[in-house]
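Trainee: I'd like to learn how to read a few features of a model. Could we go through them together?

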Amino acid sequence: MAEFVKQAAQLTALGPLTWLSEFCSEAQQQWLGATLPNRKVENWKYTNIRALEQGDYLNLATKAGDAAVSTESDCQKTVAICDIAGLDSVRMVFVNGELCERLSEGFDRLPAGVQLVNFAKTNSAQQDLIKRHLGSALDTTKHPFTALNASQLVDGVFLHVGKNTVCETPIQIVHLQATTDQAITIQQRLLVVLEPNSQATVVEHFPDSANVKAFTNGVTELLLAENAQLNHYRLNLEGDQTFHLGGVHARLAAGANLNSFYLALGSVLKRNDVVVYHAGSGAHCDINGLYLPRGNEQVDYHTCIEHAVPHCTSDESFRGIIADSAKAIFNGRIHIHRQAQKTLAQMSNKNLLTSNKAEIDTKPELEIYADDVQCAHGATIAQLDDTAMHYLRTRGVSAAEASVILSFGFINELVNDVKHEAIARYLRPFLAKSFVKDETLTRHIL
Amino acid sequence: MLSIKDLHASVEDKQILKGLNLEIKPGEVHAIMGPNGSGKSTTGHVLSGREGYNVDSGSIVFNGKDLLEMDTEERAREGLFLAFQYPVEIPGVSNMEFMKAAVDAVREHRGEEPLDSVSFMKKARERCKAVNLPIDFLKRGVNEGFSGGEKKRNEIMQMMLLEPKLCILDETDSGLDIDALQVVADGVNALRDSGRSFIVVTHYQRLLNYIEPDYVHVLSDGRIIKSGDKSLALELEEKGYGWLVTADEEGVA
Ligand SMILES: Nc1ncnc2c1ncn2[C@@H]1O[C@H](COP(=O)(O)OP(=O)(O)OP(=O)(O)O)[C@@H](O)[C@H]1O
Ligand SMILES: [Mg+2]
């Protein structure tokens, strides 16, 4: 992998964002000094990133941003792909890693006190804020790909919600790929800063656009000050040639509340590392997620909930349906520090394997150093429930349709809990399609 | 309608039905009573074709067809309906989708046009009201978090929507309050007609005041040991099963 590290470091000339050059060059040093994870490293034991080396991804797109969607018909198609009906979002659209201004819209609907801007367009006050916060929620040594991301930044999104400001309008950040003649690498970056008592909704949306061979290396930081509330979605719907490494690093001050929903349809590999650090007492996070790989696809979620202070709660639930010869990995770590008394932490991971070649590696990892805590966790790997199957069939439903209805119900339970009904409605057809080949079998669930 | 002859059935190599005979003509209501563990629910499961319930010998003919040759769903489409003693919870699947799938399957089998969603909704709402469940139960997960009595009423609602030919109600009355019992009985009575038959499994004579049976059978240790008219239920209420079971054992010996 050493060769890959060197090559990757040379991809972009350092410092397109001159005001961030210090941050970027420091990251470059870290990246060059990094040992890339291999299968001997516990955290990467089941994740094979060799495909990254072999995949020849280290190229930049020749066309990106507005240049990549130049025709009217391209535009219309792209808008259709981005649209989540009924969400009424403010939308920022990136194509091949660069902002596409003609497709980004709705900024005038943001209330006073909300700043939403791409790094390249920031003013100096915003740059100061970014410099103060960027990278503060993550540990680069543990997550070496975040160093690559930082060293190669050409742009990023900055959302700042001022004190006591409630932003009702969801903010949707779409990352698309437009056809290129070779495989490409994209660095995705998002920094969300919520000041005390503020509220916002952020949807990180990676639709299936052109089925481009692309390596997306994403880093999202969510910084929630006292009593701030954030609804956060990370929807990885990209096509099967996508190689996605994503990191979401959240830090919650006292009383802050983070509600996250993750989704990954399968591809060559999608791995998301999610870290939520409870830094202030009374903070709470809900994290739900779904993964649906099939064929030879791979999905990997590594979550880590850090409870560093007393009286915090976390509730985590991930479910997956793994079909064909696909493989999924779920690693859920809960770390309760010595002083984090009265922590309430729950985690559940349920998996449905629909073929005997499908594979799931699920591992709860608990490190508990405080004695007065409640920590419940469970992981299951199951087939469909016989009793439920029989019940449906006694009502005349065919075995094939019953199995689709039950599989869908299994994931739909989490979709039903999604905060924004428009997102639930948008996702259901993708979910159904991802494990049902015969459309007549989905007519009653959609 | 239904003819069960010398049925022997077992679960996990344990013999449960040991020579069951039952003849049901169109329009008849048969009550089956009997001690716990005598095989009443097993009879329902065998009739519904549940996996793990093995028929060792005997025959079941349903409307002139060999029931044992059919899959569970085929039996349902042919008009067999089982209201479960313990209805199953299916979180994530709404009652509405579930019932639409069921009604569509049954109608298709009968060669009828599928109901469009508006007509189906209308019908479902009516039936929901008929069993006195709030309309939002249609949107909830199938039986998810329903109380015992609500689950039983949900079974009756399904029965009303599917309009089966033979309805088997397995202790649909247990766990019902007095008003709910009336609702269930009204539901059944509304469906009673010359072409539709019922098997009503119950422990309580009280239900039979609401749903008047043509015959009452006592099932014990996998066989019917006594049949009579509705007065038998009153007699059982008074005397219990002991005298019958002893008489039967003496008869066998
Ligand atoms: N899956 C099973 N495995 C083993 N034994 C079983 C199984 N299912 C039923 N049985 C046994 O078969 C016998 C008959 O059970 P069944 O449920 O038919 O009784 P029942 O007449 O419906 O009783 P109740 O009045 O309590 O509902 C019981 O002894 C029961 O324990
Ligand atoms: Mg029973």
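Trainee: In which loop does N164(A) lie?

Mentor: Strands are DSSP runs of E with at least two residues, helices are runs of H or I with at least four, and both are numbered from the N terminus. Here N164(A) lies in the loop between β4 (157-161) and β5 (171-176) of chain A. Its phi is near 60°, a positive value in a residue other than glycine.

A word on the ground rules: this is a predicted model, where local features need pLDDT of at least 70, side-chain atom pairs count only at pLDDT 80 or more, and totals for chains, interfaces and linings use all residues. Residues are numbered from 1 along each chain as its sequence is written, chains are lettered from A and ligands numbered from 1 in the order written, and side-chain values use heavy atoms, leaving out hydrogens and water.

Trainee: And where is D6(B) found?

Mentor: That one sits in strand β1 (residues 2-11) of chain B. D6(B) isn't a glycine either, yet has a positive phi of about 45°.

Trainee: At what angle do α8(A) and α9(A) pack?

Mentor: Helix α8 (residues 399-416) and helix α9 (residues 421-435) of chain A pack at about 150°, with their axes 10 Å apart. Contact means heavy atoms within 4.5 Å. On the α8(A) side the contact includes V404(A), F408(A) and I411(A), and on the α9(A) side R428(A), L431(A) and F435(A) are among the residues. By class, the contact has 8 nonpolar, 3 polar and 1 charged; Ala, Val, Leu, Ile, Met, Phe, Trp, Tyr, Cys and Pro count as nonpolar, Asp, Glu, Lys and Arg as charged, the others, Gly among them, as polar.

Trainee: Which residues come nearest to ligand 1?

Mentor: A residue is near if one of its heavy atoms lies within 4 Å. Of the 16 around ligand 1, G37(B), K40(B), S41(B), T42(B) and H203(B) come nearest. For polar contacts, look for N or O pairs within 3.5 Å. A side-chain N or O atom of K40(B) is 2.8 Å from a ligand oxygen, a backbone N or O atom of G37(B) lies 2.9 Å from one, and for the E171(B) side chain the distance is 3.2 Å.

Trainee: How many residues of each class does the shell have?

Mentor: There are 4 nonpolar, 8 polar and 4 charged. The largest share, 3 residues, comes from α1(B).

Note on methods: Axes fitted to C-alpha atoms, helices over the stretch in contact; angles between N-to-C directions. Polar contact = N/O pair within 3.5 Å; in protein donor to acceptor, adjacent residues only side chain to side chain.
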